[in-house]
Amino acid sequence: MANGTHVLVLPFPGQGHINPMLQFASRLASKGLKTTLVTTVFIFKSIYSDHPIASTSFRTISDGFDEGGFAQAKPPDIYLSTFKSVGSQSLASLIKELGDSGIPVHAVIYDGFMAWALDITKQLGIRAAVFLTQSCAVNSIHYHVSRGLLKVPVEGSRIWLPGLPELKVWELPSLIYHHGSYPAWFDTIVNQFSNIDEADWVLVNSFYELEKVVRIAMSVQLYILFVS
């Protein structure tokens, strides 16, 4: 990527997702790229309208609940399905609007919780990177579930996965250990990997020395770039 490249950074509007991607956007800007952080209307009005960041521009898309976000939607399944439907249209419109304004988008970095964003970029012929905000260890577990390599509900008292130590079942992420407890969130997390093979890059919010063994194991399936 050369100077002048314009990158949209699209975090999921939830705790633990926005800050890592905002920091990454700032790092890209420090390398000479133009970065635009795209968040929902409600999140922008709640946070960023009063706290501008010089190195990064901000734009908004709708999640269908502009006045209250999650609280307005209430059930997670309603929020997530509406966000996918409304957000897809809103993102496509924003990308077209930016192009018509003379600031075309060259690449999109999207949160893995929003796998539908990759479908939009492919339709528009734009390169895309998925940003996995969780650790490689957690991502590996979810990946194995998504590909049917780790069956849920988990049988037995412990499991073994490549690159990870032996895990007792209760040490697994709660959505897997307590399978069926939050089906909408389970589907969202597991579906991060539904189209990941089509992404141009895979970014992980970790660093190599922290998760060296599991990173090597995961790289057999995915080409991973660490973000630290």
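Predicted model: local features only at pLDDT ≥ 70, side-chain atom pairs only at ≥ 80, totals over all residues.
Helices, as counted here, are DSSP runs of type H or I with at least four residues, and strands are E runs of at least two, both numbered from the N terminus.

**The annotated stretch**
- An unreviewed UniProt entry lists residues 7-40 under the name "domain: Glycosyltransferase N-terminal".

**Two packed helices**
- Two packed helices are described by the angle between their axes and by the distance between those axes.
- Helix H4 and helix H8, the latter spanning residues 183-190, pack at an angle of about 35°, and their axes are 8 Å apart.
- On the H4 side the contact is made by Pro 76, Asp 77 and Leu 80, and on the H8 side by Ala 184, Trp 185 and Thr 188.
- Sorted by type, the residues of this contact between H4 and H8 comprise four nonpolar, one polar and one charged.

**Backbone details in loops**
- Lys 74, which sits in the loop between helix H3 (69-73) and helix H4 (76-100), has a positive phi of about 70° although it is not a glycine.
- Lys 74 has a relative accessible area of 68%, and because exposed means over 50%, this residue counts as exposed.
- Val 152 and Pro 153 are joined by a cis peptide bond, with omega at about -5°, and Pro 153 belongs to the loop between helix H6 (136-146) and strand S6 (158-159).

Methods:
Residues numbered from 1 in each chain as written. Heavy atoms only, no water. Buried < 20%, exposed > 50% of the residue type's maximum accessible area, 1.4 Å probe, protein only. UniProt positions renumbered as here; feature names shortened; annotations may be inferred. Axes fitted to C-alpha atoms, helices over the stretch in contact; angles between N-to-C directions. Contact = heavy atoms within 4.5 Å. Nonpolar A, V, L, I, M, F, W, Y, C, P; charged D, E, K, R; others polar.
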